[in-house]
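Student: I would like to learn how to read a model like this. Please show it to me.

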Amino acid sequence: MHKKIYWLPLVTVLAVTTFVITMQNAYAIDLDEATMTVPLDQSGQTTTLTPEQVKRGKRLFNNTCSQCHNGGITKTNPNIGLDPEGLSLATPPRDNIEALIDYMKNPTSYDGAEEIAELHPSIKSAEIFPKMDHR
Ligand code: HEC
């Protein structure tokens, strides 16, 4: 049980920052409150991040994700970007924090039909993607 809890803050921040970064169209992040308020779940609830969360998440994103998602684009599959609209049209929609956390645990194809943990970094596939192992 305990094991699970360790990575949760990390993943939350990672997921959250993915969103903020893509909303901001890459690097020029203006850290006002409106920018740091992001959708929490599908019901439309929101949460406001702290500057520390954004800073930490940005660092983690740059270390772990940007090799493939530099600036929110997806290198090996440019049809699937991390922009809010693209995320909203995935199955299930990935344009909120809960759905992004879920993706970090169990990534699926854009149409939701396949689990792709062996191809995409995730907690589940941390043996293949050691950066995802933060115990
Ligand atoms: C090895 C390259 C690679 C790395 C590293 C990587 N991704 Fe991805 N990511 C992809 C590819 C390719 C896809 C498209 C998968 C598909 O075909 O559905 C994708 C898709 C996604 C999606 C789904 C987008 C959508 O609209 O459905 C999210 C969210 C995502 N990545 C977040 C992340 C995060 C956060 C990280 C860092 C922890 C990360 N990715 C690291 C290659 C990568």
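Student: Which residues in α5 are buried?

Tutor: A residue counts as buried if 20 or more other C-beta atoms, placed from the backbone, lie within 10 Å of its own. In α5, Ile 97, Ala 99, Leu 100, Tyr 103 and Met 104 are buried. Seen down the axis of α5, these buried residues fall within an arc of 165°, so they line one face of the helix. The arc is that of the directions from the helix axis to the C-beta atoms.

Student: What should I know about the model and its numbering?

Tutor: This is a predicted model, in which local features need pLDDT of at least 70, side-chain atom pairs count only at pLDDT 80 or more, and totals for chains, interfaces and linings use all residues. Residues are numbered from 1 along each chain as its sequence is written.

Student: How many helices and strands does the protein have?

Tutor: Helices (H or I, at least four residues) and strands (E, at least two) are DSSP runs, numbered from the N terminus. The protein has five helices and two strands, in the pattern α-β-β-α-α-α-α along the sequence.

Student: How many residues surround the ligand, and which are the closest?

Tutor: A residue is near a molecule if its C-beta atom, placed from the backbone, lies within 6 Å of it. Here 22 residues surround the ligand, and Cys 65, Cys 68, Asn 77, Ala 90 and Ser 109 are the closest. Two or more residues of the shell come from each of α1 (2–23), α3 (66–69), α4 (84–88) and α5 (97–105). The largest share, three residues, is from α3.

How values were computed
Buried ≥ 20, exposed ≤ 12 C-beta atoms within 10 Å, placed from the backbone.
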